[in-house]
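Please read the points below with the sequence and the model side by side. They go from the chain as a whole to its core and then to individual residues.

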Amino acid sequence: MNDATDLPPSPVLPRLTDRLRRGQKVRVTLFGSSTTEGIGASSPEHGFAAVFERSLAPFVTGGLTVINRGIGGNGAQEMHDRLPGVLADEADLVMWQTGSNDAWQGVKLETYEDLTRQDLLTTRGTGADLALIDPQYCRMLEECAAFPPFVPAVHRIGAELGIPVFGRYARMKSWCAELGMDRDELSPDGLHMGDQGYLLLGEAVARWLVELTGAPVGAFAHGG
């Protein structure tokens, strides 16, 4: 009998990993607020969803469908109200962008966490893989006194439920340092990402997902 330590680790995204390895079609729902919708981009093709789809598509030999369910200004309650549409998508993966708007709305952190956790568990019940994207690093959120606890809250929920979290907040800070950019170059209006920010984010999230499945990612030119 082989020791358990000799077995390969279970994939973090089992459904996505299996479908990629089998060359099957992949269906992804992007669920969130203004970032997912693409507010701030000069045109839809420069928004997060379009960049993400173009970046992930080469790794999905069976064909990729990306459903954009982003509505600017949504917090946990609005996303909860829209959850039936997400469940009806029957996605293989739901990318859940969250944590930015509840601070503006004055939502209590505990309320945000409880509602988000409940909806993630409901979505997991469909058999979909889940991944989270935490809030953006930008001037307007940095000036919101209620905002700071929401970034670690997203990571705490991910850790509790075993859901991977793309650390956008930290990644945006690192892009500023590595690329010599000011945070307002990534979010020109102080809140919403612009074309350059969406390019970096869309490619980086796609690359991150592919890495989580164990596939090679050498085709990416940007992100990081």
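1. Buried is used here for a residue with under 20% relative accessible area, exposed for one over 50%, and partly exposed for one in between, with a 1.4 Å probe and protein chains only. By that criterion, buried residues make up 51% of the 224 residues in the protein chain. This is a predicted model, in which local features need pLDDT of at least 70 and side-chain atom pairs count only at pLDDT 80 or more, while totals for chains, interfaces and linings use all residues. Residues are numbered from 1 along each chain as its sequence is written, and side-chain values use heavy atoms, with hydrogens and water left out.

2. As to secondary structure, the protein chain has 11 helices and five strands, where helices (H or I, at least four residues) and strands (E, at least two) are DSSP runs numbered from the N terminus.

3. For overall dimensions, the C-alpha trace spans about 55 × 40 × 35 Å along its principal axes. The radius of gyration of the protein chain is 17 Å, which agrees with the value near 17 Å for a compact globule of 224 residues; this radius is taken over C-alpha atoms, and the globule rule is 2.2 Å times the number of residues to the power 0.38. Contact means heavy atoms within 4.5 Å, and among contacts between residues at least 6 apart in sequence, 77% join residues at least 24 apart.

4. A nonpolar core is a set of buried Ala, Val, Leu, Ile, Met, Phe, Trp, Tyr and Cys residues joined through side-chain atoms within 4.5 Å. The largest such core has 65 residues, and those with the most contacts inside it are Val-28, Phe-52, Met-95 and Trp-96. Helix α11 (residues 195–213) gives the most to this core, with nine residues. In soluble globular proteins, nonpolar side chains tend to be buried together. Val-28 touches, beyond residues up to four places away in sequence, Phe-52, Leu-56, Leu-64, Thr-65, Val-66, Ile-67, Ala-91, Leu-93 and Met-95.

5. Which residues does Leu-120 contact, leaving aside its neighbours within four places in sequence? They are Trp-96, Leu-130, Leu-132, Ile-157, Leu-161 and Ile-163. Leu-120 sits in helix α6 (residues 109–124) and is buried, with a relative accessible area of 1%.

6. Met-172, in helix α9 (residues 168–179), counts as buried because its relative accessibility is 0%. Apart from neighbours within four places in sequence, Met-172 is in contact with Gln-136, Tyr-137, Leu-186, Ser-187 and Met-193. The C-alpha atoms of Met-172 and Ser-187, 15 residues apart in sequence, are 10.0 Å apart in space.

7. Glu-142 belongs to helix α7 (residues 139–142) and, at 32% relative accessibility, counts as partly exposed. Its contacts, with neighbours within four places in sequence set aside, are Tyr-137, Phe-147, Tyr-169 and Arg-183.

8. Phi of Glu-90 is near 55 degrees, a positive value in a residue other than glycine. Glu-90 is placed in the loop between α4 (76–88) and β3 (93–97), and at 63% relative accessibility Glu-90 counts as exposed.

9. Arg-21, in helix α1 (residues 14–22), is likewise exposed, with a relative accessible area of 65%. Arg-21 and Gly-190 are 169 residues apart in sequence and 41 Å apart in space, C-alpha to C-alpha.
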